[in-house]
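Hello,

Here is the structure I promised to pass on to you. Please have a look at it first; my notes follow below.

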Amino acid sequence: MASSSAIRTVDRFRSAALNNERRLFVYLPPGYDRDAGRRYPVLYMHAGQRAFAPQAPGAESWNVHLAADRLIEAGAMEPILIVAIAHVRPVVSNEYYHFIVPAEEAPGISCAGLAYEDFLLNEVKPYIDARFRTLPEPGHTGLMGSSAGALSTYHIGLRNPDVFGKLAMLSPYFVKARLDERSESGLREEVLYRRHRAGPDQKVWLDIGDAEGLFLPRHVLGVVRELHEDGLRRGENIAFLEQPEAAHQEADWGERVHLPLLFLFGRIGRPVSLELAGRTRIGLAGGHRVRINAILRYDSGFARTVLDGEYAVTDPEVLEVLPDGTVVPKKPGTTAVALAACGLTATAVFEVVPELSATVRVEMTADVPPEEEPADAIYGGMGMRLVRSDDGRYAGRFAVPRDSGYRFRFTRGFRRFETRADGGALPNRAFRASDDTVLHYKVDRWEDASSRTAERRSLAGPAF
């Protein structure tokens, strides 16, 4: 290309609405400085300190600029600006919570989402529109976030369709789920969003990984159905993907960020393959529910889950499949299931067994290095608290949703993660709870809390 992209940093950007300051990171596409007469769409992005580079050595990043560079160079996406807004760590309030704070956080944290919305609409966007060559209309303006940032995107975007015409929500934090063996599902679930209707001209992307622990695909699918009821058309102005083996972390969001970029600002191309992913052994009784994840892939690299398919079942007395992929077992047996979509066909064989429980039992133990003041408990996957026994080993037993997947590192206190023996970053541990299982781990070393805090402050600069 004739010129490369660039990232400009705005330090100490002051917010009157929030009474704080932070950094803004602005991605300028290739050719921005060369073509002075051209104006560009803009994508605003939450948690901007992790958008373009790791916040600290060994940490993860979306590397969204690399994805944008590739798509623009290939001609698959129009050049856009990306404005990444750094997040201020919640101390007494959370900028991403609009109306509801999870019960366990409520004693110390309040909602600052409305003030953050005011900051974005009336301080950040006017600043960007005044200083960069933007196309400010809603049809050219997007908002993207993950986890709690996706919850914020939902509220801000749907409340302001006259500002944001394009929304991307990756692994949205719509429901706070905790392990609770007294519940029939094994979970206690708290809804964190207040429903808003989509604007008729908005375009919306939502996704979730199937290895995000208690961030479950069904939580996101519920919102997809609500938006469809509002009039958004599946595959046209709303798209959803359940990504196999993806976890709740920046690296995984970065690996698939090209998908919402293509859907919102690019050309998705032509369908080339179809697959039926997920469990094929189903229980007639026991409470476990199965939905086929039918993934349609395109020649551009785009992919989405088909939620309105025409399924054909060889033996309909064994099971039925609803258009959204939900499998309804009828009697024990085996049958083939086929899906036709966009001129493509995929087939899988399903077995219905008499019973399959909704939860499985996970027993987890961990040995940790000796400490002068050992912690009473350490934490593994979401909601997995391991308690210290007299022999110094940590252990816990959990009933978790069947087939839920987990990617985690043990932590001792807030974000004080385990590391390799040499102090380097440790890859995530992983397991999938398909059946009852016993797991044992060894922790080599804990991250040093004081040096980590100093390192974060140094890298963040005075704006944080």
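Let me start at a glycine. Just after helix α4, glycine 231 takes a positive phi of about 115°. Before the rest, some housekeeping: this is a predicted model, in which local features need pLDDT of at least 70 and side-chain atom pairs count only at pLDDT 80 or more, while totals for chains, interfaces and linings use all residues. Residues are numbered from 1 along each chain as its sequence is written, and side-chain values use heavy atoms, leaving out hydrogens and water. Helices (H or I, at least four residues) and strands (E, at least two) are DSSP runs, numbered from the N terminus.

Helix α4 itself covers residues 217-229. Its 13 residues reach 18 Å from first C-alpha to last, close to the 18 Å expected at 1.5 Å a residue (the expected span being 1.5 Å times one less than the number of residues). Buried residues (under 20% relative accessible area, with exposed over 50% and partly exposed in between, for a 1.4 Å probe and protein chains only) in α4 include Val220, Leu221, Val224 and Leu227. The buried residues of α4 pack against α3, β9, β10, β11, β12 and β15, where contact means heavy atoms within 4.5 Å.

On to the cores. A nonpolar core here is a set of buried Ala, Val, Leu, Ile, Met, Phe, Trp, Tyr and Cys residues joined through side-chain atoms within 4.5 Å. The largest has 58 residues, of which Val64, Ile82, Trp205 and Leu319 touch the most other members. Helix α6 (residues 258-265) gives the largest share of this core, 6 residues. A second, separate core of 56 residues includes Tyr40, Leu143, Val220 and Phe240. Back at leucine 319, contacts beyond four places in sequence include Ile282, Val313, Val337, Phe350 and Val352.

Now the sheets. Five strands form an open, mixed sheet in the order β24-β25-β26-β23-β30, with strands counted as paired if DSSP finds at least two bridges between them. β24 (377-379) and β30 (437-442) stand at the edges with a single partner strand each, so one side of each is left without a neighbour in the sheet. Strand β23 (residues 359-367) pairs with β30 in the parallel sense over 6 bridges, and glutamate 363 stands opposite valine 438 in β30.

Another open sheet, antiparallel, has 3 strands in the order β13-β16-β17. Its edge strands, β13 (271-277) and β17 (303-305), each pair on one side only. β16 (residues 293-298) and β17 are joined by 3 bridges, and leucine 296 stands opposite arginine 304 in β17.

Which aromatic rings pair up? There are 21 aromatic pairs in the structure; rings of Phe, Tyr and Trp (its six-membered ring) pair if their centres lie within 6.5 Å, and planes under 30 degrees apart count as stacked, over 60 as edge-to-face and the rest as tilted. One of them is phenylalanine 410 with tyrosine 441, edge-to-face at 5.5 Å centre to centre and 70° between the planes. This pair links distant parts of the chain, 31 residues apart: phenylalanine 410 is in the loop between β27 and β28, tyrosine 441 in strand β30. Both phenylalanine 410 and tyrosine 441 are buried.

Ring pairs also link Phe13, Tyr96, Tyr116, Phe119 and Tyr127 into a cluster. Phenylalanine 13 belongs to strand β1 (residues 6-15) and is buried, with a relative accessible area of 9%. Its contacts beyond four places in sequence include Leu24, Phe119, Val124 and Tyr127.

Best wishes
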